[in-house]
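Hi there,

Here is the structure I promised to pass on. Have a look at it first, and my notes follow below.

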Amino acid sequence: MSTALPSPPASPNPKGGSLRRNTLSVFGAVAMCMAFMGPATSVAFNTPPAAAGAGYALPLAIVLAMVASLLVANTIAAFARKLPAAGFAYTYNSHGFGKSGGFLSGWLLLLTYGMVGPMLFAALGGYSHDFLDSQFDIHVPWQVMSLAFAAVVWGVNSLGVSSSAKTALIFLVLEVGVLLGLAGVILGDGGDSGLSVAPFNPADSIDGFSGLGTGMLWGILMFIGFESVATLGEEARGAKRSIPLALFTAVAVIGTFYVLMAYSTSIGFGSAHGSDLAGDAAPLTTLVDRYWGVTWILALTVIVSQFANVVSGSNAAVRVLFSMGREGVLPRFLGRTNERHVPQSAITAYLGFSLVFALALGSGFGGDLGPLGVYGFAGTILGLGMVIIYILMSIAVIRFYLREHRGEFALLRHGILPGATVLLMLLPIYGQLWPVPDHPNNLVPYVIVGWMVLGAAYLVWAHRSRPEVLAAMGRVFEDEPGDDTSSATDASTGSSRTASTGVVPVSTGRT
């Protein structure tokens with residue numbers, strides 16, 4: 001038997017803590033999460049380690065990664081149809097595991113999405129510094145470039161999620177367009193030794209099925225970010241329909257793009273040079289130089305990709321901060337919005353943290369990692385953390401439908417597919433733990449464990465001192481027809497709306 005969640009204390013924000021409703025179309029939601037995946041950045045940085053294992057069979061490994069990502073999308077869509085909220089895994093797992101499980105999921109999500117800004121601002125600073133230095137002999141410290149990009153992102157995101165989506169779409173088109181142009185030239189020339197389906201043959205994997213597993217690991221990491229569309233549930237039009245549609249569309253479209261780029265890469269090197277592909281530290285640069293004769297265009301494309309990535313990714317992180325601030329888990333000022341329903345406080349706090357983290361770690365504090373060292377360290381935390389979250393959500397969705405929507409439980413969609421997701425996601429966890437990576441990435445598991453211990457301590461304290469915060473976990477704000485500011489539970493009365501509004505009462509999922 002489930003129990004209704006009581007209302008949290010009224011927000012001290014006189015303007016209210018609601019995001020602007022019905023402002024984001026399906027198209028905009030798709031653009032946001034595709035930009036968050038950073039297609040050009042993913043192809044440039046993840047292709048070398050993926051090809052090191054899969055070799056000429058690189059496209060097959062990416063197809064397997066795409067299947068795994070579609071399975072994750074199935075899990076998120078099953079939740080989003082019932083719980084269209086900005087809290088994402090924080091909200092979902094509150095309903096799947098109860099209040100404590102939801103808190104710990106949100107705590108882990110806070111860390112993983114928290115790494116998006118530091119990772120990308122460091123990379124943007126480093127790449128733009130190198131680009132200006134090599135192409136124009138202009139020497140600007142990477143820290144200054146990072147600050148400049150952060151200021152621009154702050155301005156874009158402060159205009160609202162719709163403006164962020166438009167900006168992300170423009171840069172997404174540019175980065176994808178350049179790489180599609182490269183693929184067109186390679187395939188039009190017939191590559192190194194003609195077109196064939198050999199890259200989809202497991203026998204052409206340089207390390208057999210083990211190599212395909214390695215390629216699949218890095219392929220899955222290319223897709224991380226598509227799930228961020230679930231954090232836009234409160235701002236999307238018809239979220240119960242548009243969020244699942246955006247999820248599957250983004251994975252299918254960008255997944256097809258990734259497979260095409262992997263195929264073009266293999267064909268560009270040729271079947272006789274599979275070992276050359278596996279051993280090339282920058283295969284995309286090699287192909288650009290071989291087929292276009294220039295390399296600066298790739299560097300510029302990666303910068304464009306990273307900018308679109310940070311605009312979209314920071315929006316997702318901000319929505320998580322906003323959701324947790326609104327419910328009192330984090331300081332309540334983070335859950336406030338301005339007169340345009342933009343979570344300005346959360347935006348400023350998150351971008352400020354991102355800059356401090358990137359500049360401090362990259363400029364000497366902690367071993368002088370440099371901008372690319374920060375990118376690798378923060379990116380590893382993001383990757384491992386998100387895979388753990390995918391697993392937790394896949395288990396939670398089974399419990400959620402069995403406990404709260406047993407009549408709608410479908411064995412394949414809500415049981416078998418989430419179970420398969422859990423098994424598949426164990427591969428990237430193994431790949432990021434063994435063999436033990438170099439310093440400082442070898443510290444990542446300890447960072448995550450330490451963060452979760454800290455969260456568990458906070459949870460124990462909250463149980464004793466602030467039970468009203470835990471009681472508010474998993475609150476879902478939904479649209480009532482014709483009302484863009486109402487919520488599923490009346491904050492003043494604590495009563496749930498009736499079924500005639502199309503809104504289901506919110507429950508903890510506990511028995």
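What percentage of the 511 residues in the protein are buried residues? Buried residues make up 57% of them, where buried means under 20% relative accessible area with a 1.4 Å probe, protein chains only.

A word on the source: this is a predicted model, in which local features need pLDDT of at least 70 and side-chain atom pairs count only at pLDDT 80 or more, while totals for chains, interfaces and linings use all residues. Residues are numbered from 1 along each chain as its sequence is written, and side-chain values use heavy atoms, without hydrogens and water.

The protein has 18 helices and 0 strands (DSSP runs numbered from the N terminus: H or I of at least four residues for helices, E of at least two for strands).

On the H14 side, Phe357, Ala358, Leu361 and Gly362 make the contact, and Gly370, Val374 and Phe377 do so from H15 (contact means heavy atoms within 4.5 Å).

The buried residues of H14, among them Tyr350, Ala358 and Leu361, pack against H5, H6, H7, H13 and H15. Just after H14, Gly364 takes a positive phi of about 140°.

Best wishes

Conventions: Buried means under 20% relative accessible area, exposed over 50%, partly exposed in between (1.4 Å probe, protein chains only).
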